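Here is a short walk through a two-chain model, written for someone who would rather look at the structure than at tables. Keep the viewer open as you read.

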Amino acid sequence: MPKETSQELRQPAEILYAEELDALIKAEQHPVPAGWRMSPRSVLVYICGGKCGKLNITPKYIGHQRLVEIAISTLVTDRALLLIGEPGTAKSWLSEHLAAAINGDSTKVVQGTAGTTEEQIRYTWNYAMLIARGPSNESLIKSSIFRAMESGSIARFEEITRCASEVQDALISLLSEKRLSVPELVTEVPAQRGFSVVATANTRDRGVNDMSAALKRRFNIVVLPAPADLETEVSIVTKRVGELAINLQLRAEIPDEEAIIKIVTIFRELRAGQTLDGKNKVKTPSGVLSTAEAISLLANSMALSGNFGDGKVNDNDLASGLQGAVVKDDDKDVVVWKDYLANVMKKRGASWRGLYSACQEHAGE
Amino acid sequence: MSKTPAMSATPHIFGVRHLSPTAAWHLRQFLDRIQPKLVLIEGSENANHLIPHIVSAKSKLPIAILAYTTDPPVRTFVYPLATYSPEYQALVWCEENKVKARFMDLPSSVFLGFMDRNRTAFPKKEEPKSETQKEPPGEKEEEGAEENEAKPRTFSIYERVAQLAGEPDYETYWERHFEQLRGENSYRNATRNFGEELRGMEDFSTRHGAETLVREAYMRRKLQQAYADGFKPEQIVVVTGAFHALALGPELAAMNDEEFARLPQRESKLTLMPYSFFKLSSQSGYGAGNHAPAYFEMVWNAYNDNTTTLLPARFLTSVAQELRSGGTFRSTAEVIDSVRLAGTMADLRNSLPTLRELQDAAVTLLGQGDPVVVRESLLRVEIGTRVGALAKGVSQTSIQDDFYRELSRLKLEPFKSGVKRDLDLDLRENRRVKSAEAAFLDLHRSSFLHRLSALEVPFGKKLNVRQEGTTWAERWALQWTPEAEIAIVEAVLLGETIELAVAYKFKQQLEKCTSITEASTIIRQACECGMSASIELARQTLQRLANDSSDFNALAAATYELGLVIRYGDVRQFEAEPLKPLLEQLFLEGALSLVANANCDLAAARSMVAGINELNKIALDYSALIDEPLWISELQKLARADHLSPILSGYACALLVERNLISNEELAREVSRRLSPGIPADLGAGWFEGLAQRNRYALLTRLSLWEQLDQYVKGLSEEEFRRALVFLRRAFGDFSPQEKRNITENLGEIWGVNAEHASEVLNAELTEKEKKKLDELSDFNFEEL
């Protein structure tokens with residue numbers, strides 16, 4: 001289980017799960033690829049859960065084990081990996097854990113934004129030193145990808161489609177030549193074995209800065225879907241909320257299973273545009289309503305009740321979170337939410353009554 | 001049963017999974033090693049005479065043995081074989097090595113008997129849509145792993161096995177753990193163990209389980225028979241489903257004659273038929289291992305040219321090629337990377353890539369993460385569109401032979417493929433060719449396809465032709481499926497050739513037929529099928545029925561249908577002369593029943609309008625043939641009558657106007673008579689509704705008519721007006737805007753209003769007051785009428 005001692009707000013995966021990683025490395029029986037800390041099989045166990053000796057390895061990514069296998073195999077073949085999915089489908093989560101398991105270092109990250117420049121992908125200079133001493137290794141500031149190439153490890157590139165296309169294109173030569181040239185120093189940095197890039201991209205951003213065919217071709221593309229069924233999603237949410245509660249030291253009890261099922265049900269129904277039994281159509285709101293949002297909603301409710309309530313998450317805490325999650329900024333969302341309350345939730349019977357009235361109260365304001 | 005020492009030994013038993021290329025490969029090596037004198041194969045024992053045809057070089061697999069009952073209710077089952085079937089390879093090996101091969105399973109008559117009994121025992125659960133069950137019985141397909149639709153329990157066993165092994169599904173589990181075995185005897189031992197495990201879990205108290213035991217007893221009986229024929233156990237190789245591998249030893253008793261006699265039987269016959277990869281894949285029961293026939297054949301071919309390591313490359317290249325031919329470009333580099341990915345993924349499990357890994361690699365690289373992109377290409381490479389073929393004359397039923405003769409005579413052989421193709425036919429004589437046969441090729445094709453449709457053989461589907469009303473053009477969508485072949489074989493119960501079967505079918509239908517509409521439909525069908533004998537028979541039936549019928553609508557419909565058939569006559573090259581007296585008779589009956597039937601309510605009157613229209617068309621088309629003066633005098637009677645349905649009277653009047661048989665004065669008189677004050681609204685306005693259904697221009701040009709209508713409406717009281725409104729609104733409801741404008745112009749003329757102004761007023765928005773008035777009318781209860 002994650003440690004509770006550090007004061008860091010959010011610890012990287014390799015520290016949080018150091019115990020599991022060490023156990024897996026110690027118990028390694030299969031061949032380990034160059035630059036990796038453990039065999040692909042152990043990476044799979046680390047991510048999808050299983051046993052290592054007596055230690056239970058907690059599953060980090062639940063459901064779709066096959067996709068994880070494809071992702072790991074991709075990195076074995078020295079190809080770059082691109083994880084695509086709706087917001088909140090655990091793309092970054094998976095990429096972080098892949099890097100943590102393979103290299104024990106998930107922190108070599110380039111965060112893609114509209115302001116990301118080529119320098120952040122290649123290198124830049126310490127200008128004071130550059131002026132003082134001219135181009136030299138000392139005045140060179142290496143990017144995460146530069147360092148990953150040198151050390152033969154994995155660099156992560158978050159939200160790659162947020163970058164302008166010329167910045168994306170800087171990656172092409174890196175990925176195909178596996179070399180980074182530094183003309184100022186008349187030198188080239190060859191990538192060491194084990195170097196690869198795990199990029200993530202958001203399907204909602206498609207068309208913003210769509211990747212060029214040339215760059216796309218350098219990636220193996222894995223599409224991460226929303227959790228397949230209610231059960232999977234409930235277990236994902238339960239697990240993450242539990243971890244967050246410890247990490248963030250939320251002084252509240254973890255919501256009971258019934259509350260989690262209710263929240264996940266509402267999210268799935270609004271996401272899919274129909275009730276779980278397929279009998280009713282419902283309108284879909286403008287937001288994504290991802291699993292990640294369900295998790296933060298519950299954590300939020302815990303924070304509310306821990307600090308301002310009695311430490312038990314009640315319907316009122318959930319309702320205020322739901323209102324915020326569903327109704328983003330659009331007037332349309334208000335209608336969607338009210339319709340859902342009246343047509344679906346109201347008819348759900350006694351066990352939903354409390355949540356319904358609380359939601360109704362919040363929506364009425 | 002006494003056992004000689006030789007009989008107590010066990011023969012060489014090779015447990016297989018049907019349609020498994022690895023089983024086929026190991027089996028051939030096993031046979032090479034053992035060099036048996038006799039090979040016994042699980043398959044209906046009475047199919048032995050088909051073996052030479054199965055192994056003939058002219059047979060292109062996949063083919064299937066089809067067993068069918070010789071009398072109704074029809075039951076059939078198929079026993080499919082592909083090149084990679086171990087059973088087929090065993091037969092081929094025997095042929096090559098001049099070794100005797102025999103089938104050893106229960107005769108087809110017993111299997112069909114079982115099916116019969118199961119069907120009657122559980123009519124609800126197992127009865128599919130039709131009496132003729134086209135799926136094969138489970139026994140034939142699924143030995144390696146028994147399927148049983150009635151028991152979901154068995155399904156979950158397979159799923160659990162796969163889950164325990166950490167595999168995404170059972171097929172992948174099987175492929176990785178059995179299909180990739182290479183060592184000598186490894187496959188045989190593995191399936192033997194697997195069969196043993198399965199036997200431990202099987203519930204033999206079910207009907208299916210009991211039948212399995214019966215079959216095994218029978219196979220032991222066949223073994224005993226082989227010993228009696230002088231073969232020693234060690235000279236015999238038995239090829240059977242892995243499930244039975246442990247049940248054929250001497251320690252279990254064989255079936256005796258008395259037991260055999262007690263089995264349910266249906267008289268049956270066997271024949272060979274071409275099969276298709278698509279059918280193989282869709283037939284795959286749980287564990288049958290044929291979900292991807294084209295892929296498995298690729299595996300089999302790789303065994304034979306010793307290139308199994310190239311298999312992933314071959315598979316993924318084929319997918320890329322399919323993608324490219326569909327317009328989606330994928331580079332060789334991507335194929336290379338997909339092969340590498342498939343290899344690494346399989347490495348995670350210490351195996352070679354299975355189909356599942358290849359699919360995943362194809363989606364990740366060739367589909368760039370999107371399964372939809374590669375779905376169709378994958379299906380083509382996995383399943384393929386191959387259709388088997390047999391040498392001419394090999395099919396065992398005369399009707400199959402007839403079918404194939406016709407196919408080649410009509411040059412339709414290219415259409416015998418699994419891919420749907422369109423065929424456009426021009427039924428007219430082709431004057432540019434020499435022989436009569438060639439000149440009417442399309443006509444004969446059309447007759448042939450219509451005959452198949454009449455037999456409900458799903459080979460061709462007639463599509464709508466764009467040009468409406470053309471009698472000479474037809475468009476068909478043709479697609480051959482094994483179901484079509486099965487339907488043809490089933491039709492042998494009706495006749496020896498397709499023509500005879502169709503004739504018999506028509507005869508049956510005519511004997512049962514009680515309505516003239518039905519009989520006239522059969523005449524049309526028979527005409528489309530080019531079956532003059534059937535037309536004659538149907539003609540007689542129709543005549544008999546027409547004598548007793550006085551239902552106007554049925555008579556009119558039949559007359560019309562017959563009129564069409566006679567019109568077809570020229571195009572369809574058949575003698576329409578004998579039908580003409582019948583047309584005359586039907587027309588006469590119809591005309592005479594007109595007035596009697598016209599005394600009816602509103603709903604019936606509406607349907608009669610269509611009938612009157614049809615008869616009138618016939619009267620115009622065949623005026624020389626039928627008694628036109630009679631028709632006209634009947635119409636006049638109807639037009640003048642006051643006691644019949646007013647709509648029909650009006651309609652008859654309209655027909656007479658159209659034929660110019662009513663002068664302007666007469667019409668004016670009639671209108672004023674019908675619309676005179678005091679006549680109930682439903683009679684007056686109803687009549688006008690009938691009148692207004694035809695030749696509107698003739699009405700629009702007669703100003704006097706509108707004057708009278710105007711007078712009539714003015715003369716109505718408030719209450720009467722409301723009633724009349726219903727009819728008038730209906731009468732004008734389907735007038736076009738142009739026609740309505742013409743009416744307003746007429747009325748404007750009468751009222752002395754400027755035409756433009758009138759139409760402006762009518763097209764303007766409603767005022768509040770008018771709206772209110774109309775709303776009031778909406779509240780009016782029309783139901784009371």
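## Cysteines

Counting a disulfide as a pair of cysteine sulfur atoms within 2.5 Å, you get zero disulfides over all chains. Take Cys527(B): its nearest cysteine sulfur belongs to Cys529(B) and sits 9.0 Å away, and Cys527(B) is in no disulfide. Cys527(B) is buried at 1% relative accessibility, where buried means under 20% relative accessible area, exposed over 50% and partly exposed in between, with a 1.4 Å probe and protein chains only. Over in the other chain, Cys52(A) is also on the buried side, at 8%.

## Ground rules

This is a predicted model, in which local features need pLDDT of at least 70 and side-chain atom pairs count only at pLDDT 80 or more, while totals for chains, interfaces and linings use all residues. Residues are numbered from 1 along each chain as its sequence is written, chains are lettered from A and ligands numbered from 1 in the order in which they are written, and side-chain values use heavy atoms, with hydrogens and water left out.

## The two chains

Chain A has 16 helices and eleven strands; these are DSSP runs numbered from the N terminus, with helices (H or I) of at least four residues and strands (E) of at least two. Of its 365 residues, 50% are buried. Contact here means heavy atoms within 4.5 Å, and among the chain A contacts with a separation of 6 or more, 71% link residues 24 or more positions apart. Chain A exposes about 16,500 Å², with 51% of that from carbon and sulfur atoms; accessible areas come from the Shrake-Rupley method with a 1.4 Å probe, and for residues only the protein chains shown count as cover.

Chain B comes with 38 helices and ten strands, and 55% of its 785 residues are buried. For chain B contacts with a separation of 6 or more, residues 24 or more positions apart make up 76%. Its accessible surface is about 35,000 Å², and carbon and sulfur atoms hold 51% of it.

## Strand E10 of chain A

How many of the seven residues of strand E10 (residues 196-202) of chain A are buried? Seven of the seven are. In a regular strand the side chains alternate between the two faces of the sheet. On E10(A), Ser196(A), Val198(A), Thr200(A) and Asn202(A) point one way, Val197(A), Ala199(A) and Ala201(A) point the other way, and all are buried.

Two strands pair if DSSP finds at least two bridges between them. E10(A) pairs in the parallel sense with E3(A) over five bridges, and Gly85(A) has Asn202(A) as its bridge partner in E10(A). E10(A) also runs parallel to strand E7 (residues 154-158) of chain A, over four bridges, with Val197(A) as the bridge partner of Ala155(A).

## Two loop residues

Ser153(A) is in the loop between helix H8 (144-151) and E7 of chain A, and is buried at 4% relative accessible area. Its side chain makes a 2.9 Å polar contact with the side chain of Ser151(A). (A polar contact is a pair of N or O atoms within 3.5 Å; within protein, one must be able to donate a hydrogen and the other to accept it, and residues adjacent in sequence count only if both atoms are side-chain atoms.) Beyond four places in sequence, the contacts of Ser153(A) include Gly194(A), Phe195(A) and Ser196(A).

Arg79(A) lies in the loop between helix H4 (65-76) and strand E3 (80-85) of chain A, buried at 8%. Its side chain reaches that of Asp337(B) through a polar contact of 2.7 Å. Not counting residues up to four places away in sequence, Arg79(A) touches residues including Ser196(A), Arg217(A) and Leu365(B).

## Nonpolar cores

A nonpolar core is a set of buried Ala, Val, Leu, Ile, Met, Phe, Trp, Tyr and Cys residues joined through side-chain atoms within 4.5 Å. The largest one has 198 residues, and Phe315(B), Ile612(B) and Phe688(B) touch the most other members. Helix H26 (residues 552-572) of chain B gives the most to this core, with ten residues. Apart from it lies another core of 58 residues, among them Leu27(B) and Trp174(B).

Gly590(B), in helix H27 (residues 579-597) of chain B, is buried at 0%. Its C-alpha is 9.2 Å from that of Ile612(B), 22 residues apart in sequence. Leaving aside neighbours within four places in sequence, Gly590(B) is in contact with Phe552(B), Leu555(B) and Leu615(B).
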